[in-house]
Amino acid sequence: MTEKTDTKDETGPETRVETGGATSRRRFLSGSLAAGGAAMAAGLAAARPAAAEGESVITEVQDWNRYLGDGVVSQPYGVPSRFEANVVRRDVEWLTASRESSVSFTPLHELDGIITPNGLCFERHHGGTAQIEPSQHRLMINGLVDTPLVFTMQDLMRFPRENHVYFLECAANSGMEWRGSQLNGCQYTHGMVHCVVYTGVKLKHLLEEAGIKTNGKWVLAEGADAAAMTRSIPIEKALDDCLVAFKMNGEALRPEQGYPVRLVVPGWEGNMWVKWLRRLEIGDQPWQQREETSKYTDLLANGKARRFTWVMDVKSVITSPSPQAPIRHGRGKAVISGLAWSGNGRIKRVDVSIDGGRNWTTARLDGPSLDKALHRFYLDFDWDGSELLLQSRAIDEAGFVQPTKNELRAARGENSIYHNNGIQTWYVKADGTVENVEVS
Amino acid sequence: MLKSPSAALLLGAALLVAGPALAAGDAGKGARVFKKCAACHQVGDGAKNRVGPELNDLIGRVAGSVDGFKYSKAMTEAGTGGLVWDETTLDAYLESPRTAIKGNRMAFPGLKDADDRADVIAYLAKYTKQAAAPAPAETKTAESTAAPAAAPAATSAPAAPAAIPAHGVYHLGREATTDEVAAWDIDVRPDGVGLPEGRGTVAQGEVLFTERCATCHGDFGEGTGRWPVLAGGRDTLKADRPEKTIGSYWPYLSTVYDYVRRAMPFGDARSLSNDDVYAITAYLLYLNDVVTDDSFELSRENFTSIKLPNEANFIADDRTAEPHYANKAEPCMKDCKADVKITMRARVLDVTPESGKGNEGTTKVD
């Protein structure tokens with residue numbers, strides 16, 4: 001029986017899996033040998049039917065075609081096929097001191113479309129995943145309000161609900177690449193982003209329920225986790241498009257995404273999307289919390305540091321081919337697939353270069369084009385088998401063009417950590433393997 | 001010195017409660033509840049001290065008295081202060097271990113359900129030789145302690161029809177009590193708003209830091225392994241490898257107080273007193289040479305007089321003024337550069353997980 005036996009990430013030709021073509025060729029050869037043997041032992045051969053020509057997955061009845069499969073509810077909560085076992089979040093152990101204050105990465109190279117499955121959304125915690133029984137959860141509003149309030153989850157569900165698709169990107173996404181190409185895989189270079197449909201209520205409704213006093217200019221959002229994560233958010237944004245969400249992709253938030261309730265701050269850095277949201281305080285100035293002073297501030301070459309760099313800039317990456325998703329089919333028709341997004345709104349256009357940025361072709365945006373959501377782009381092309389230097393460059397509806405990494409370094413130096421939205425280059429070799437590189 | 005007033009209260013509760021207030025638990029159900037405890041505690045034949053002390057003969061045992069188990073100071077003091085484990089004291093302790101005996105080490109949030117507590121106590125009573133008389137209770141009633149009066153029932157049982165609140169547009173939620181707001185609103189701003197009453201010296205902070213912080217941050221804030229470095233790094237912000245510490249980078253001292261109080265020590269948040277946090281903050285100032293006298297005392301009164309050296313170096317977001325963004329130019333499409341060369345390859349360094357090289361990069365995330 002043929003079966004793709006090895007679907008691990010491959011990084012070199014020596015570990016490449018056999019393609020369907022190679023497998024069938026081998027089967028054809030063994031079939032020939034069997035025929036030769038039969039000629040020498042005629043009696044035995046006569047008892048066996050001649051091997052059919054073609055792929056055995058077609059010419060032979062397969063087990064799954066003969067025997068019954070599992071019945072319904074064999075998996076009360078469905079899971080992916082076992083042949084997809086390698087499509088998982090991964091982490092980079094050397095990056096952090098402990099897994100409780102750490103990050104894992106979305107396997108972008110294995111995904112398509114614009115929606116990230118809940119179980120594959122990257123994780124970022126500062127004190128581990130809080131496990132909170134919804135009946136024990138409260139959301140408090142206090143500070144410069146007419147009436148400090150406490151909501152139960154049941155209360156929150158009684159406000160008018162909305163559904164929105166938004167990307168969430170960690171400000172440190174691609175942060176390990178400031179000094180040059182370091183990690184070999186777009187899961188690691190760009191995997192701190194995901195995009196789901198949120199169901200929730202407008203933050204505006206909750207704040208207005210408490211009554212914001214006229215000098216209320218900032219909101220402090222606080223989590224119930226062991227880090228009691230906090231961020232200051234300007235009131236304009238809070239009253240504009242922020243949501244307090246309890247569902248993602250139709251089901252309850254995953255614990256690692258803030259179950260039972262999280263803040264959604266569209267287009268702004270992921271750190272502000274406070275998970276396990278338990279408190280909103282109104283104040284007249286920002287609180288200068290740890291996550292907006294010592295962290296999530298962008299150190300420049302001149303020793304100054306930018307703060308309150310909230311918006312996630314226009315950005316794109318080719319997800320396939322990429323180091324973890326090499327070209328396995330040889331020359332001929334090939335699909336370049338990638339993602340683009342911007343905290344400024346929709347993506348207007350994505351250009352793709354196969355020669356390291358000398359010449360560009362406008363790619364095809366496909367699927368929904370939603371405000372502050374991931375956009376999927378494709379470029380269908382004929383690969384002649386020669387080496388490629390693949391790049392993508394996004395332009396958003398505000399007119400911002402994704403810069404090169406060298407342009408960013410010229411403006412900021414190499415110690416910013418955050419907000420690296422530079423153009424990524426993948427070096428595709430003649431054997432189809434791909435490497436993370438930088439070009440002149 | 002009354003180090004643990006909460007433990008004294010707990011003891012008081014034990015003496016005062018004479019009536020049949022507690023539920024008679026079901027030991028069978030308690031065995032299931034105990035699974036939550038079994039990660040740290042053993043009970044029964046051959047039970048040994050693990051993360052927590054063994055629990056044989058628990059009923060009637062003086063708190064903090066198992067030989068060979070290293071208790072927190074708070075638990076030992078509770079025992080010497082007269083705390084004995086029985087149905088009443090265990091019930092109060094298990095409901096909220098952290099508040100019942102402040103500063104004790106049991107990292108368990110507690111059993112909020114009174115039945116669960118009664119059941120697990122009944123289960124543990126089975127392992128007490130004296131045939132511990134079960135709780136002197138007749139009926140199984142979930143007794144709630146005198147919690148804030150305004151708090152509604154925790155569970156989702158439909159509440160009795162209540163008057164519709166007057167606030168807001170949708171009239172949802174209820175007014176928060178002053179105590180509730182005080183319990184959660186612990187944030188501190190650079191102007192000192194939110195600072196609690198209290199004080200602590202550098203010398204006191206050194207003792208606390210060594211005990212509670214140094215395992216990760218090093219005795220002098222130098223950081224062990226990949227844990228954050230807290231001191232040093234002055235004048236490195238323009239260097240090739242900047243060291244961003246409280247002294248070299250953080251703009252405001254209030255952030256130190258706020259963050260230590262809400263999130264430190266890592267894995268035991270909210271376990272430091274307000275005075276402890278003042279002392280640790282004072283010690284961090286000392287480690288960063290912002291104060292130089294180890295008798296320096298930091299308090300609510302003098303807090304805002306302390307400035308951190310790097311405050312002036314934070315600027316507003318001006319990304320859109322950068323050359324590549326400023327003019328929003330239509331990008332080049334053809335013959336945009338003469339020659340393209342590979343200047344850097346990830347394979348050279350190869351810090352990718354599963355590359356088999358086991359190399360490590362230099363970036364740190366915390």
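This is a predicted model: local features need pLDDT of at least 70, side-chain atom pairs count only at pLDDT 80 or more; totals for chains, interfaces and linings use all residues.
Is Arg307(A) buried, exposed or partly exposed? It counts as partly exposed, because it has 18 C-beta neighbours inside 10 Å, and the buried class needs 20 or more. Leaving aside residues up to four places away in sequence, Arg307(A) touches Glu292(A), Thr293(A) and Thr297(A), and also Phe314(B). As a distance for reference, take Gly345(A), which is 38 residues from Arg307(A) along the chain. The C-alpha atoms of Arg307(A) and Gly345(A) are separated by 22 Å.

Next, the sheet in this region. Three strands make up an open sheet with mixed pairing, and their order is 13(A)-14(A)-4(B). Strand 13 (298-299) of chain A and strand 4 of chain B stand at the edges; each has a single partner strand, so one side of each has no neighbour in the sheet. Within chain A, strands 13 and 14 run antiparallel and are joined by two bridges. Which residue of strand 14 is the bridge partner of Leu299(A)? That is Ala305(A).

There is also a pairing between strand 23 (residues 434-439) of chain A and strand 5 of chain B. These two are antiparallel, over three bridges. On the chain B strand, Arg345(B) is the bridge partner of Val437(A).

Now the whole contact between the chains. On the chain B side 77 residues take part, and they are in contact with 89 residues of chain A. Several elements of chain B supply at least two residues each to the side that touches chain A, among them strand 1 (174-175), helix 7 (178-184), strand 4 (314-315) and strand 5 (342-345). Which element of chain B gives the most? Helix 10 does, with six residues; it spans 253-263. By residue class, the side of chain B that touches chain A has 34 nonpolar, 27 charged and 16 polar residues.

Last, the domains of chain B. The chain is divided into domain 1, covering 5-125, and domain 2, covering 200-313. Taken over C-alpha atoms, the centres of these two domains of chain B are 35 Å apart.

Notes. Residues are numbered from 1 along each chain as its sequence is written. Chains are lettered from A and ligands numbered from 1 in the order in which they are written. A residue is buried if 20 or more other C-beta atoms lie within 10 Å of its own, exposed if 12 or fewer, and partly exposed in between; C-beta atoms are placed from the backbone. Two residues are in contact if their C-beta atoms, placed from the backbone, lie within 7 Å. Helices (H or I, at least four residues) and strands (E, at least two) are DSSP runs, numbered from the N terminus. Ala, Val, Leu, Ile, Met, Phe, Trp, Tyr, Cys and Pro count as nonpolar, Asp, Glu, Lys and Arg as charged, and the others, Gly among them, as polar. Two strands pair if DSSP finds at least two bridges between them. Domain bounds come from an automatic or database domain assignment.
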